[in-house]
Amino acid sequence: MTTLRSADPLWYKDAVFYQLNVKSFADSNADGIGDFPGLTSKLDHLASLGVDCLWLQPMYPSPFKDDGYDISDYTSIHPGYGTRQDFEHFLSQAHARGLRVIIELVLNHTSDQHAWFQEARSSTDNPRRDWYVWSETDDRYRGVRIIFIDTELSNWAWDPVSKSYYWHRFFSHQPDLNYDNPAVREEIWAVMKFWLNLGVDGFRVDAVPYLIEREGTSCENLPETHAVLKELRARLDADFTGKVLLAEANMWPEDVRPYFGAGDEFHMSFHFPIMPRMFMALRLEDRKPLLDIIERTPSIPDSCQWGIFLRNHDELTLEMVTEIERQYMWDEYAKDPRARINLGIRRRLAPLVEGDRRRIELMSGLLMSLPGSPILYYGDEIGMGDNVYLGDRNSVRTPMQWNGGFNAGFSGADPERLWLPLISNAVYGYQAVNVESQERNSTSLLNWTRRLIEVRRVTKVFGRGSIEFLKPENHRVLAFTRTQGRDTVLVVSNLAGTAQVAELDLARLAGAIPIEMFGGSIFPRIGHEPYIMMMGPYDFYWFRLRWL
């Protein structure tokens with residue numbers, strides 16, 4: 001029985017999302033790899049956390065040269081994760097607990113092991129040859145940037161089987177699909193329908209800016225790409241209701257804006273540039289980086305929403321910052337060169353802020369109160385650590401820490417069989433940081449996070465309201481109001497590690513009584529004179545304003 005928490009087709013505007021990788025969450029059969037039966041057994045934890053929608057990273061068959069984003073079969077479950085029946089049981093159990101589920105849709109490319117590519121490379125006459133982008137030379141589309149500058153030298157790769165080059169915007173083992181071919185678009189829609197008919201609630205759509213290539217362009221954000229995406233959205237709306245498409249477009253906000261269209265393209269898109277600036281504002285103890293990017297962000301259709309996050313499965317990307325800002329972030333947050341990868345930092349939230357509970361809470365408070373739907377990364381609710389000695393971006397993908405016992409409760413396998421080693425150091429090791437111990441402590445980060453999510457849930461203004469910054473003279477204090485209709489919330493945050501005082505100009509709210517939202521304490525009524533706010537290090541307050 002489905003008991004989703006909201007029947008509103010715009011449910012995603014109020015939702016808190018939770019990102020997880022099945023193989024890192026819980027292993028039910030002691031083979032060292034998380035699976036769907038294991039995930040199903042942990043749904044009560046996710047429901048009690050208060051999140052609304054689970055975002056599953058790729059669960060498809062794959063050679064795993066890119067953590068599953070190199071898909072070799074779009075309509076099957078990776079055998080290590082279980083069967084399709086296991087997935088369907090998980091989905092029904094998630095829905096029974098009021099949890100929605102979105103899955104990955106990797107549009108741009110497949111694995112070179114996919115049957116489509118194997119057919120395409122087998123002969124120039126093969127019916128699927130034109131499903132990919134081929135060339136006799138590697139000098140087409142010159143000037144198009146290389147995304148993975150640390151591993152790839154070209155966007156073209158030589159195929160020794162068919163004696164020609166194929167186009168790839170990502171790794172050379174991920175050939176790009178040819179969306180100029182109607183058969184490709186038809187097949188991708190068939191994939192979407194397959195999973196939607198099973199009951200998934202939408203898709204996080206990977207790497208959307210790169211679907212179409214045109215000579216003399218950057219091959220990014222082209223009008224033809226938007227035409228493909230609008231076609232898929234129109235078909236989705238015609239056949240299904242209440243589903244969501246979340247775009248991954250790592251671009252400046254003004255370049256992402258077209259992916260919402262007129263509300264006829266994506267329902268949601270990540271706001272990538274806001275994330276590094278949250279960390280920048282924290283380290284600088286200055287609100288300016290955060291204000292600048294939010295004020296630069298264009299308005300979007302009423303039915304659309306930004307997705308915001310602190311950390312995810314990839315590096316803390318520094319693509320959308322200046323060279324000076326990037327170097328500053330590396331100097332401050334990645335002093336160990338092993339923490340750096342590509343144009344980013346491969347660390348989790350807790351280690352980024354040196355395990356400081358106050359800073360974790362402040363950043364989480366910002367995540368939950370700024371415009372957009374927040375996305376939590378698995379394990380951050382308990383302050384999990386990372387392992388920069390692991391290759392690629394696996395430092396932030398280690399197994400979930402359920403208890404302090406054998407293998408952290410993740411798996412019954414021999415420790416050597418785990419797909420990644422557990423975090424076992426004295427600070428972030430599973431003996432010290434785990435769900436079971438934090439369940440027993442009423443003041444733990446886990447229980448604090450539950451309360452944060454609970455307060456946000458009953459405050460619709462955070463998901464749907466406008467934002468207005470107050471800009472007190474003290475630049476270490478970030479203050480803003482969120483307003484929807486007659487509801488107004490005042491948010492005040494101290495970005496500094498020392499006590500601060502700020503004078504807030506709240507004259508337009510004169511007569512209102514601020515009620516602190518976590519404890520219900522009543523603060524003095526707002527008048528026409530400056531409102532004095534004193535705050536401890538990294539403190540933040542949420543106030544519901546009442547006119548009594």
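Where is Asp 386 found? Hi everyone, let's start there: Asp 386 sits in the loop between strand S14 (373-377) and helix H13 (435-439). Helices here are DSSP runs of H or I with at least four residues, strands are E runs of at least two, and both are numbered from the N terminus.

Before I go on, this is a predicted model, where local features need pLDDT of at least 70, side-chain atom pairs count only at pLDDT 80 or more, and totals for chains, interfaces and linings use all residues. Residues are numbered from 1 along each chain as its sequence is written, and side-chain values use heavy atoms, leaving out hydrogens and water.

Back to our aspartate. Asp 386 is buried, at 7% relative accessible area; buried means under 20%, exposed over 50%, and partly exposed in between, with a 1.4 Å probe and protein chains only. Its side chain makes a polar contact of 2.7 Å with the side chain of Arg 347. A polar atom of that Asp 386 side chain also lies 2.8 Å from the backbone nitrogen of Arg 348. For polar contacts, think of N or O pairs within 3.5 Å; within protein, one atom must be able to donate a hydrogen and the other to accept it, and residues adjacent in sequence count only if both atoms are side-chain atoms. Leaving aside residues up to four places away in sequence, Asp 386 touches several others, including Pro 351, Ser 395 and Ile 423, where contact means heavy atoms within 4.5 Å.

Now, the sheet I like. Five strands form an open sheet in the order S15-S16-S17-S21-S19, with antiparallel pairing; two strands pair if DSSP finds at least two bridges between them. S15 (466-469) and S19 (513-516) are the edge strands, each with a single partner, so one side of each has no neighbour in the sheet. On average, neighbouring strands are turned by 30° against each other, direction ignored. S19 and S21 (residues 540-546) are joined by 4 bridges, and Ile 515 has Arg 544 as its bridge partner in S21.

Helix H12 (residues 357-369) lies across S16 (477-484), S17 (487-494) and S21, at about 35° to S21. Those angles run from 0 to 180 degrees between N-to-C directions, using lines fitted to C-alpha atoms, for helices over the stretch in contact.

Zooming out, the chain has 15 helices and 21 strands. Of its 548 residues, 61% count as buried. Along its principal axes, the C-alpha trace spans about 80 × 55 × 50 Å. Thanks, everyone!
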